[in-house]
Amino acid sequence: MPLLTWLSRRRWRAASGWPIPLSLALLSVTDSAIAETQAPDVFCATYPTSPRCAEPLPCAFCHTSTTSDPPTWNAFGAALVAELGGPGVETPVFVAELPSALASIELLDSDGDTFTNVEEIENGSLPGDPTSVPFSETCPESTQDLPYALCAFDPEFAFRRVNLHFCGQSPSYDEMQAFRASSHDEKIAALSTKLDHCVDTEHWLGKDGVLWSMAHKRVRPVGALKAGEDEGQFPASDYYVDYHLWVYAQIDGHDARDVVLGDYFVERTTNPTQYTKVDDYPGQPMLLDRRQGMLTTQWVMLYNVMFTAIPRAAAARAYTNFLGYDIAKDQGLFAVPGEPVDYDGKGVGAEGCRDCHSTLDPLTYPFRNYNGLAGGIPRYQYVPGRLEFLSQPGQMFADEPATLATTPENGYLLGQPVADLAEWASVAADSDAFSRALVIDYFQTLVGRAPDLTNAAEAAEVDALVQTLVSSGHSVEAMLQALILTEAYGGP
Amino acid sequence: MDLDSIARRPAVWLGVLSLSLAAVACEDDDARAPTSGSTGSGSAGSGVGGVDPGDPFPVSAKASVRMKTATQLERDLAAVLSLDPDTFCMELGAFSCADVHGIRLSETDAYEGGFYEPLTETIISSPAAVDRMVLIGCGARAEQDLASPGSATIFNDLPIAGGALTDPAAPAVDAAVSTLYRRGLLRDPTAGELQAHRDLYTAIAASGTPEPALEWAKSSCFVTLSTLEFVFY
């Protein structure tokens with residue numbers, strides 16, 4: 001197996017759940033697909049404190065291209081390949097020798113940016129990219145006469161931001177003057193009070209407010225297909241219920257995990273906007289015991305499952321929406337031994353396909369009984385034996401391979417076996433990936449950029465926010481109270 | 001002068017403002033543009049947190065600034081200028097500026113346009129959208145204030161005769177600028193900034209425009225509310 005495929009796979013060591021020695025042991029007994037994902041594990045076992053290991057390693061860590069044939073490496077990757085004796089080294093040898101190869105090139109400055117490879121690794125910058133260097137800043141001796149407190153948390157800067165982000169409007173001059181005149185402790189308290197007030201405003205939680213907008217990329221609405229309120233030309237689905245559940249899970253200390261665990265729907269009333277849990281909702285036929293929050297709404301069944309037998313798109317969207325892993329970008333790959341089986345004969349076992357599908361297909365199987373638009377059985381519902389029925393003569397999948405009907409319902413998520421979608425959602429909701437993805441989404445929304453992993457202090461702040469989210473029972477508002485006090489948010 | 005005529009003339013006044021505010025113009029663009037991972041020093045430009053022109057200031061390595069979205073900008077302008085946020089800025093008299101210019105000012109267009117996330121960077125027409133919204137708001141406020149001088153929101157009781165300020169250094173002129181700064185930038189203007197606004201009037205009056213006081217009010221408002229300090233946070 002080319003070294004390319006080893007190094008091009010990203011895997012989040014912290015989420016794998018498999019200690020490295022076990023991973024290494026598996027190499028001798030599993031197929032090549034699982035072996036291909038081990039390089040990031042080995043790297044992060046070698047450098048466990050590298051900020052890069054808090055999320056999937058980027059391709060650019062070693063590669064300039066992972067899709068071309070032959071693959072190409074940046075200066076760091078090339079040095080590593082040379083140390084390993086060239087590309088094409090056998091899998092077990094590669095895994096065994098990677099740590100020593102990494103150690104051998106630690107003191108080199110492969111990309112010529114004046115920082116050694118190990119300095120870059122430990123500080124989260126890319127050792128093969130001269131434009132990526134460890135974060136540093138020179139701070140003024142005193143910020144007393146400056147309009148902003150550089151290199152520190154500035155309460156006034158944060159106060160303006162809290163007003164704009166959460167209330168949608170700057171404070172007044174009088175309000176700002178009162179804030180300026182208060183003590184530091186009073187300012188911190190005022191920030192908290194302001195946040196508490198603003199998270200109840202229309203700007204934050206109302207229709208088309210900030211929270212609502214954060215759901216766009218997850219719901220992916222199509223105006224022409226909208227049913228009910230704001231009806232489109234071809235009304236097919238009232239996807240506002242997806243938005244309602246999203247917002248409900250973000251507010252009032254509710255458990256954010258309900259976006260994948262909730263077995264209820266949420267209604268919205270206006271003037272002022274309020275969200276209320278309900279057992280049933282018009283146009284949502286999914287029975288209670290098969291509901292999994294935003295994974296199983298009618299819109300998801302219609303738009304992501306549609307007519308597909310094995311709804312990979314629905315599973316992949318869920319993986320991206322709630323765990324932050326985009327398989328199309330080689331993120332979150334947890335290869336399962338023996339996969340992909342290719343039950344529907346799509347050729348997913350081919351070279352160039354199987355690396356991703358060895359993760360994607362097993363995480364899709366739990367969706368196999370959720371019906372979208374396929375006829376002859378109830379639409380938008382969980383239908384036991386769905387593929388078996390639809391594979392019969394005269395049914396929609398009659399021409400598909402006979403193996404389709406044998407597609408299992410049990411699968412794998414994040415390297416863990418799951419029996420069905422309920423367990424899938426449970427594993428997802430309790431994962432570090434879920435909490436981290438949610439924190440990073442808020443970080444990006446409010447700070448305006450992704451966390452800077454070359455800044456150790458900022459990486460630590462993100463870790464702390466993840467812990468706050470979890471320890472608060474996944475209360476987004478509790479996490480936001482901590483977020484607005486970070487230097488990343490309030491440091492000019 | 002109506003808003004259409006303002007819209008046709010910003011190029012003229014921008015030139016005037018450039019001269020008038022030369023003292024507060026950016027002296028070192030590179031130094032003022034913070035770059036992550038680097039530090040340096042710059043010189044204070046217009047509206048840099050009340051630092052007088054020319055004063056050096058350190059540059060943040062974080063470059064942690066956000067540009068107001070269309071909604072935030074519209075609401076802030078409405079609050080500063082005491083205008084109805086739902087109606088003060090309407091394109092073609094029918095469409096909210098925040099809606100029309102939303103995409104270019106970091107909003108989404110999820111339902112019809114498929115823009116599920118805001119653009120990660122502003123685009124070439126983003127500054128024009130800001131200018132337009134500020135210009136429309138400032139035009140409306142200046143006209144309303146000068147039409148009812150006793151109850152004006154910002155430009156109150158300016159000493160005007162024949163469309164011109166009788167005394168550009170009058171306390172009422174400085175008071176108007178101070179009100180504008182307090183409402184918009186949440187602080188008092190510096191002495192240098194007050195002088196720059198007086199100089200602005202001198203330049204406008206010298207251009208021969210028939211209503212220099214009104215033009216100054218609009219332009220003074222525009223130049224204040226289109227600063228980095230107001231548009232970014």
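**Reading the interface**

Tutor: Glu117(B) and Lys217(A) form a salt bridge, their closest N and O atoms lying 3.8 Å apart. A salt bridge here is a side-chain nitrogen of Lys or Arg within 4 Å of a carboxyl oxygen of Asp or Glu. This is a predicted model, where local features need pLDDT of at least 70 and side-chain atom pairs count only at pLDDT 80 or more, while totals for chains, interfaces and linings use all residues. Residues are numbered from 1 along each chain as its sequence is written, chains are lettered from A and ligands numbered from 1 in written order, and side-chain values use heavy atoms, leaving out hydrogens and water.

Student: How many salt bridges does the rule find across the interface of chain A and chain B?

Tutor: One.

Student: How many residues does each chain bring to the contact?

Tutor: Contact means heavy atoms within 4.5 Å. Chain A brings 46 residues and chain B 33 residues. In chain A, Arg160(A), Leu164(A) and Tyr173(A) lose the most area to chain B, together 19% of what that side buries.

Student: And how much do the two chains bury between them?

Tutor: Buried area is the accessible area (1.4 Å probe) that two parts lose on being put together, summed over both. For chains A and B this is about 3,300 Å², with 53% on carbon and sulfur atoms.

Student: Which strand does β3(A) pair with?

Tutor: Strands (E, at least two residues) are DSSP runs, numbered from the N terminus, and two pair if DSSP finds at least two bridges between them. β3(A), residues 265–269, runs antiparallel to β4(A), residues 274–278, through five bridges. Val266(A) has Lys277(A) as its bridge partner.

Terms used:
Helix = DSSP H or I, 4+ residues; strand = E, 2+ residues; numbered from the N terminus.
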